[in-house]
Amino acid sequence: MIYWGMSGHGHDASISVYDDANKLYSINSDKKYHDEDMINLCKAVAKPDKIIWYENPYLKGLRQMMAGQSNFISRNNVSKILKELDLNCKWDYVPHHASHAAAYYNSGFDKAIIVSIDSIGEFNCTTVWAAYGLKMKMIGKVNYPDSLGLFYSAMTKAAGFIPNKEEKKFEELANSIKTKTGPLKLSTKNCLRDVERMIIAHSWAPMFTENFHRGIGDKFKKYSPEDIAYATQIVFEDLIIKIFKHWSGNSTNFILTGGCAFNQGVRNRITKEFPWRDLYVPLNPGDGGSSAGAVLYYLHSKVKHNKPN
């Protein structure tokens, strides 16, 4: 059976073509939407018998409605989206963070602790999974609006960068301060203090006093971009290390996935803090890699959805 995994209409659009569990082809775009060329290239490999969408459109629409976002119905009408692309086969979906966590099936591990962190899935923003053999189980979650991804993007914008686009530049600016010798400037220390004040204490879950979905306004305008970048990166890394320390148990294998896994500083901190454990990060841990994860999770899951298709 030919499956197409599809992700898009959020961040990077992608398609992965599978013959059962055997991957035949994949294509990614830096645009939100699938175009005719992508569809035709995939059809030339194999036309789909079934499409697996990378997230639950009904739950996502509900969250968008609750958050006061516009066009939450049309934005999540997968049947219409596929029809407009001349894709008329049956379709199903898997949860957004399951699509990320399914990177496990390409890791080479036979067991692992998986941490998936992004801006928002349907409601989940951070999830923790235990994987053994072919099975994965979610063992921890943090829901919207407590989002590490939104936190990092909001602070990226506060420093004068473009959110969801220039986070790498923001991280590079933070690293330029981290690698300097000598004591931190007083303003940098004060900025770090103010960032830390937005954190709600918890044994492991990243929780905040702010909803970062629409930014942070001018709360940090008195600080330089360098101060904001350094403080944000330090807190970001510390919160993720806290997650791994809490859930690591006896596992010798870690997987970090979701859009936040693009952050190289976090990867380096995990490797430094847990030198006796192996870390796997998929080549594309963001939504662009979720088309493959959607198929893999679907094939390994017995979950059935009640939906009219």
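The lining of the largest pocket divides by class into 11 nonpolar, 21 polar and 16 charged residues, where Ala, Val, Leu, Ile, Met, Phe, Trp, Tyr, Cys and Pro count as nonpolar, Asp, Glu, Lys and Arg as charged, and the others, Gly among them, as polar. This is a predicted model, in which local features need pLDDT of at least 70 and side-chain atom pairs count only at pLDDT 80 or more, while totals for chains, interfaces and linings use all residues. Residues are numbered from 1 along each chain as its sequence is written, and side-chain values use heavy atoms, with hydrogens and water left out.

**Pockets**

- The largest pocket has a volume of about 1500 Å³, a pocket being an open set of points on a 1 Å grid over the protein atoms alone, where a 1.4 Å probe fits, with protein on both sides within 12 Å along at least five of seven lines, and its lining residues having an atom within 4 Å of a point.
- Of the 48 residues that line the largest pocket, His11, Ser119, Ser153, Asn164 and Glu167 are the closest to its centre.
- Two or more lining residues of the largest pocket come from each of helix H2 (57-66), helix H4 (96-101), H5 and helix H6 (167-178), and the largest share, 6 residues, comes from H5; helices here are DSSP runs of H or I with at least four residues, strands are runs of E with at least two, and both are numbered from the N terminus.
- The second largest pocket holds about 310 Å³ of space, and among its 25 lining residues Lys23, Asn106, Asn284, Gly289 and Ala292 lie nearest its centre.
- By class, the lining of the second largest pocket has 9 nonpolar, 15 polar and 1 charged residues.

**Helix H5 and its surroundings**

- Helix H5 is largely enclosed by the rest of the structure, because 9 of its 11 residues are buried, that is, under 20% relative accessible area, whereas exposed means over 50% and partly exposed lies in between (1.4 Å probe, protein chains only).
- The buried residues of H5 pack against strand S6 (111-117), strand S7 (124-132), H6, helix H7 (186-196), strand S10 (207-208) and H8, with contact meaning heavy atoms within 4.5 Å.
- Threonine 156, placed in helix H5 (residues 148-158), counts as buried at 0% relative accessibility, and, not counting residues up to four places away in sequence, threonine 156 touches Phe161, Ile162, Pro163, Glu166, Glu167 and Phe170.

**Contact of H6 with H8**

- The axes of H6 and helix H8 (residues 225-247) come within 8 Å and cross at roughly 95 degrees, the axes being lines fitted to C-alpha atoms over the stretch in contact, with angles running from 0 to 180 degrees between N-to-C directions.
- The residues of the contact of H6 with H8 divide into 9 nonpolar, 2 polar and 4 charged.

- The peptide bond from tyrosine 144 to proline 145 is cis, with omega near 15 degrees, and proline 145 sits in the loop between S8 and H5.
- Aspartate 20, in the loop between S2 and S3, has a positive phi near 55 degrees and is partly exposed, with a relative accessible area of 38%.
- Asparagine 71, in the loop between H2 and helix H3 (78-84), has a positive phi near 55 degrees and is exposed, with a relative accessible area of 51%.

Terms used
Grid points are joined across faces, edges and corners, and a volume is the space filled by probe spheres set on the points.
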